[in-house]
Amino acid sequence: MIRAVVTGTGSALPARRVSNAELAEQVDTSDEWIVERTGIRFRHLAGPDETTATLARDASIAAIAAAGLQADQIDLIVLATATPDQTFPATATKVQAMLGIDDCVAFDVAAVCSGFLYAVQVADSMIRGGVYRRALVIGAETFSRLLDWEDRTTCVLFGDGAGAIVLEAQESVEADGRGILATKLHADGRHNGLLYVDGGVSTTGTVGKLRMKGREVFRHAVTNLAAVMTETLAIAGIKSADVDWVVPHQANARILDATARKLGLDPDRVVVTVDQHANTSAASVPLALDTAVRDGRVKQDDIIVLEAMGGGFTWGAAVIRF
């Protein structure tokens with residue numbers, strides 16, 4: 001069988017790192033208030049010369065190098081973002097040009113915080129189908145440009161960044177071979193009003209600002225994430241006790257804790273970076289994964305579970321033998 005194997009990871013963060021204390025000088029909030037409710041201590045915010053595409057490029061360069069490849073060996077780019085550089089063309093095509101790739105399939109996926117999981121399933125399906133051999137899957141955001149900086153309940157939650165992985169087609173004759181073992185995605189558009197941006201090209205003609213009903217989102221997140229992780233592990237034929245690492249969407253430390261408890265997972269096996277990066281939407285899962293790979297926690301042949309939920313609602317999970 002052909003499996004999509006993760007052969008490289010990379011990430012990128014804006015130069016400016018903002019503490020809660022610095023944020024409290026501009027917004028009616030405090031370090032104690034933010035940490036108690038979210039676990040967030042820092043976030044990175046993009047400067048004038050930093051965009052979703054430039055962050056995606058830097059993360060991609062790192063991932064391609066980690067895979068031991070040259071950029072022109074990539075034949076598919078799938079980029080997840082809710083904050084593209086332009087309405088069109090796709091930010092993926094800008095990254096393609098920045099990497100010096102003359103021709104490959106390149107397109108964006110829009111599923112907000114779940115976008116990276118959606119992009120992973122798309123790339124995995126295309127690799128398993130035998131059409132493409134090496135895919136660059138990216139989650140990249142400049143979410144700070146959607147925030148209402150007068151709304152202290154939302155502006156403290158988010159940051160900017162990018163993460164990327166390289167997936168390569170490898171033939172496996174063993175059921176326990178490396179690669180993506182299972183993915184599962186969901187969406188329920190009835191909950192649009194709980195987490196959304198109040199602008200758009202065909203409605204207001206403006207970018208708009210993020211709006212969220214945090215308590216309701218929290219409740220749905222814990223239920224949906226626990227369910228989809230259980231569902232995806234069952235598809236993969238993997239028991240939760242055999243999972244080495246969970247790499248979740250980094251939205252809120254309380255959501256991470258509640259989800260782990262609901263599944264009976266050891267909290268020490270959950271990769272947490274929300275304290276350093278805040279919520280970077282589609283970038284949060286690959287950012288956290290790259291952090292754990294580079295500090296030596298995630299190793300080859302580990303069983304890892306990726307999961308995320310975002311506006312829409314959309315949510316999903318992937319089980320990977322790394």
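**Reading a predicted fold: exposure, charge pairs and a sheet**

User: How should I read exposure here, and is Glu36 buried or exposed?

Analyst: Glu36 is exposed, since its relative accessible area is 60%. With a 1.4 Å probe and protein chains only, buried means under 20% relative accessible area, exposed means over 50%, and partly exposed lies in between. The model is predicted, which is why local features need pLDDT of at least 70 and side-chain atom pairs count only at pLDDT 80 or more, while totals for chains, interfaces and linings use all residues. Residues are numbered from 1 along each chain as its sequence is written, and side-chain values use heavy atoms, with hydrogens and water left out.

User: Which side chain does Glu36 meet in a salt bridge?

Analyst: As a general idea, side chains of opposite charge can pair when their charged atoms come close. The term salt bridge is used for a side-chain nitrogen of Lys or Arg within 4 Å of a carboxyl oxygen of Asp or Glu. Here the partner of Glu36 is Arg37, at 3.8 Å from N to O, and Arg37 is partly exposed, with a relative accessible area of 33%.

User: How many salt bridges does the whole structure hold?

Analyst: A search of the whole structure gives 11 salt bridges. One of them joins Glu22 to Arg16, whose closest N and O atoms are 3.0 Å apart; Glu22 is partly exposed at 27%, and Arg16 is partly exposed at 39%. Another brings together Arg297 and Asp295, at 2.7 Å from N to O, where Arg297 counts as partly exposed at 26% and Asp295 is partly exposed at 44%. There is also a network of salt bridges that links Asp148, Asp198 and Arg211.

User: In what order do the strands of the open sheet stand?

Analyst: Helices (H or I, at least four residues) and strands (E, at least two) are DSSP runs numbered from the N terminus, and two strands pair if DSSP finds at least two bridges between them. The open sheet has five strands in the order β1-β7-β6-β4-β5, and its pairing is mixed. Because β1 (2-12) and β5 (105-109) stand at the edges with a single partner strand each, one side of each is left without a neighbour in the sheet. Neighbouring strands are turned by 20° against each other on average, direction ignored. Strand β1 runs antiparallel to β7 (residues 160-171), and 10 bridges join the two; for instance, Ala12 has Ala162 in β7 as its bridge partner.

User: Which helices pack on this sheet, and what do they touch?

Analyst: Contact means heavy atoms within 4.5 Å, and angles run from 0 to 180 degrees between the N-to-C directions of axes, which are lines fitted to C-alpha atoms, for helices over the stretch in contact. Helix α4 (residues 91-98) touches β4 (76-80), β5 and β6 (134-142), and its direction makes about 140° with that of β5. Helix α5 (residues 115-128) touches β1, β4, β5, β6 and β7, and its direction makes about 165° with that of β6.

User: Where does Ala80 sit, and what is it in contact with?

Analyst: Ala80 belongs to strand β4, and it is buried, with a relative accessible area of 0%. Apart from neighbours within four places in sequence, the contacts of Ala80 include Val109, Phe116, Ala119, Ile138 and Ala282.

User: How many residues of helix α10 are buried?

Analyst: Helix α10 (residues 284-294) is mostly covered, with eight of its 11 residues buried, among them Val285, Leu287, Leu289 and Asp290. Just after α10, Gly296 takes a positive phi of about 90°.
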